[in-house]
Amino acid sequence: MKGFATPLQPADIDPRKRRRFSTPGNPSLNGPQSQCIQAQRAGLPIAMGKDALIEEIRKNDVSILVGETGSGKTTQVPQYLLDSGLAGQGMIAITQPRKVAATSLAARVATEQNVSVGALVGYSVRFDEASSDETRIKYVTDGMLVRELLGDPLLSRYSVVIVDEAHERTLRTDLLITNLKDIQRKRNLPSDAKGKGSVAKLNPLKIVIMSATLDADKFSNFFGGARVTYIQGRQYPVTIYHTTVSQPDYVEAAMRTFWQIHMDQPPGDVLIFLPGQEDIEGVDRSIKLFADRSPRELPSIVVCPMYAALPSSQQAKIFTPAPPGFRKCILATNIAETSITIPGIKYVIDTGKCKEKRYVARDSGTGFDTLLTRDITKSSAMQRAGRAGREGEGFCFRLYTEEAFDAMRESAEPEIRRCSLTSSMLQLRCLDQDLEELDFMDKPDQEAIGAALKTLYLLGALDRKRNLTKLGRDMAMFPLEPNLARAVVASREFGCTLEILDIVSVLSASSKPFFDSSDEREAASEIRRKFRHRSGDHMTMLNVMRSYQEIAASEKKSGRKDWCRKQFLNERCLAEAQEIRDQLREVCSRMQIDWHASCGEDEQPVLKCLVRGLVQHAAYLQPDGSYKQLMGPSIVKIHPSSSLCDKKVAAIIYDELVYTTHIYARGVSAVPRGYIAEVPILNIKGT
Ligand SMILES: Nc1ncnc2c1ncn2[C@@H]1O[C@H](COP(=O)(O)OP(=O)(O)OP(=O)(O)O)[C@@H](O)[C@H]1O
């Protein structure tokens, strides 16, 4: 291929709800198909050392397992442990940093076991669960297992917890690992030392830490010298190419490489890693444009975007095989980097870029998470290459030089050192734990701890002595960001839970409700004018949800979609928001909050609740027409997408800040200043 150096040898990949039980991808298998899957399992590198591996885990409380991408760790280890009886009567949890991995792996392992998802093999991710009393192997996001700690601090239902993709060092994985160490200490005491309490009845807990690319020594030291087991070999080779010179425009280089593959290389799907949604949308448009003009003899192309803000149903499309004669091209962020097997992928194009969440501290002692584009790490590069070579020989085209690869950092800085700690701190306080005192692999930053404390104090979740308040405990019951949870809890006082749940559900959905393609912006804005509310975007969103709910009650799915298209609304977002709302209503019922409570057409109670949650996101009008943050130094403008964009109001609250040529506030409502002054915490002198 033009522009790429001689390939490296393959060895250069470092060896190192309660709900519908019908997730696609688990057809009931019988006969030859089932035999084929069993033969595939037996041929995985991990299968050769199966007995030794089980023995190793049997002998040790903590096992660290390092094996190449695709060797069979994630799908096979839980099945081996179940078959060997090592899990006793308990469940086996396998944590994943991402939803899509947890759900697709559950589907795969259910297929291997010839069962439906939600029976013997299930999953649990935020706002979605498929499990039952029969479930013994459960794929869970790390966040969900941390949440389970709130109701079951000793994770008593589990005999084995497997922390997969531990190299990602997400904040939740780190929280979990810290807690697991402590839980294991309590559960694995000799029976005479356990006393007579609830711990006495519990089985010992086994912990397995897995990855293809982790710093095994660091994990081993953290667990007091735990044994590390290496799984040798990979099933299929992946040939890696680097460019001979660096590529200043990674998008253009990715396009060129894709077309070279498409024109010159044998059939096989292509996976391109790009940093974010904007790049993905741009490449998507370009490929489709060129595809229309490409020679007839070339195969047709199906393009599948894949990024976190895309609804789960849309993300799942990457697993659907391309029709015969088509080549599938998946455009993904690092959401597709670890764990998953996407059938059909033969070629990976790696731009070497990703977006990384980073906490930006403010002078005010508060701060926020933002996404910055940056170079990936060696660990990411290996994981990306490892998405090929899972069903046959694979190829990875790195759009950076070998020298650039050599100069990359080994792995990313752990999230605990670079992300907001607010949500985690609240969860830990509910477990009576103090973030500053816990035994973490890496200690969190003091500034971030200070900001989290301040936010929780302002939300009323902690008192002056940093003790958890009743309000804070109530907030933690909701699987929401603390500021949104605060608004929900406030709705009990203001009698508008029905409305607040609708708004919070849209804000928690993985995509935005409005489509804003640039060519149709004016038409869209005109049609959507009827939803506009004078107070701004939150009530406008409520109007949209109300209209959608009316349509949803009377129309079939196709009618709803049609209606949304005509209004330039994102049906997937609204459908997801309805599901989230139903779950939040269940939580309210459990907490004896009357979710039917409604304030009708009166927006004031709704705005008062939102102010309680968004008090840190308040700004006052300046004489020059800009807005100055109440609790921060920044001057902000209202984002052009807001219904208040060309209005001047005394005070605003907003969902988030967007940094472009200016600092823009997005998701804005106008509120009387008095509402802000009414927030109880602000009345306390000295805050
Ligand atoms: N959905 C699937 N469809 C087809 N084959 C699959 C699927 N999932 C897994 N496999 C097969 O099982 C193999 C092992 O997958 P598994 O996820 O267990 O590997 P792993 O060692 O955990 O990899 P990674 O480190 O990348 O997570 C894959 O290489 C592939 O051959």
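Modeller: Let us begin with helix H6 (residues 142-151) of this predicted model, where the buried residues are Asp 142, Gly 143, Met 144, Leu 145, Val 146 and Leu 149.

Biologist: What makes a residue such as Leu 149 of H6 buried?

Modeller: The word rests on a count, because a residue is called buried if 20 or more other C-beta atoms lie within 10 Å of its own. Leu 149 is listed among the buried residues of H6, so Leu 149 reaches that count.

Biologist: Which elements do the buried residues of H6 pack against?

Modeller: They pack against E2, E3, E5, H7 and helix H14 (422-430).

Biologist: Why is E2 called mostly covered?

Modeller: Six of the six residues of E2 are buried, so each of them has 20 or more other C-beta atoms within 10 Å of its own. Met 91, Ala 93 and Thr 95 point one way from E2, while Ile 92, Ile 94 and Gln 96 point the other way, and all are buried. In a regular strand the side chains alternate between the two faces of the sheet.

Biologist: What makes E4 and E8 the edge strands of their sheet?

Modeller: The sheet is open, with eight strands in the order E4-E3-E5-E2-E6-E7-E1-E8 and mixed pairing. Strand E4 (128-130) and strand E8 (227-231) each pair on one side only, and that makes them the edges. Neighbouring strands of this sheet are turned by 20° against each other on average, direction ignored.

Biologist: How do you know that helix H5 packs on this sheet?

Modeller: Helix H5 (residues 99-113) touches strand E2 (91-96), E3 and E5, where touching requires C-beta atoms within 7 Å. The direction of H5 makes about 170° with that of E3. Helix H7 (residues 171-187) lies across E2, strand E6 (158-163) and strand E7 (206-211), at about 145° to E6.

Biologist: Which strands form the closed barrel, and how do E17 and E20 qualify as a pair?

Modeller: The closed barrel has five strands, running E17-E18-E19-E21-E20 with mixed pairing, and its neighbouring strands are turned by 50° against each other on average, direction ignored. Strand E17 (residues 618-621) and strand E20 (residues 651-659) run antiparallel and are joined by three bridges; at least two are needed, so they count as a pair.

Biologist: Why does the radius of gyration of the chain agree with a compact globule?

Modeller: A compact globule of 687 residues would have a radius of gyration near 26 Å, and the chain has 26 Å, so the value agrees with the rule.

Conventions. Residues are numbered from 1 along each chain as its sequence is written. This is a predicted model: local features need pLDDT of at least 70, side-chain atom pairs count only at pLDDT 80 or more; totals for chains, interfaces and linings use all residues. The radius of gyration is taken over C-alpha atoms; the globule rule is 2.2 Å times the number of residues to the power 0.38. Helices (H or I, at least four residues) and strands (E, at least two) are DSSP runs, numbered from the N terminus. Axes are lines fitted to C-alpha atoms, for helices over the stretch in contact, and angles run from 0 to 180 degrees between N-to-C directions. Two residues are in contact if their C-beta atoms, placed from the backbone, lie within 7 Å. A residue is buried if 20 or more other C-beta atoms lie within 10 Å of its own, exposed if 12 or fewer, and partly exposed in between; C-beta atoms are placed from the backbone.
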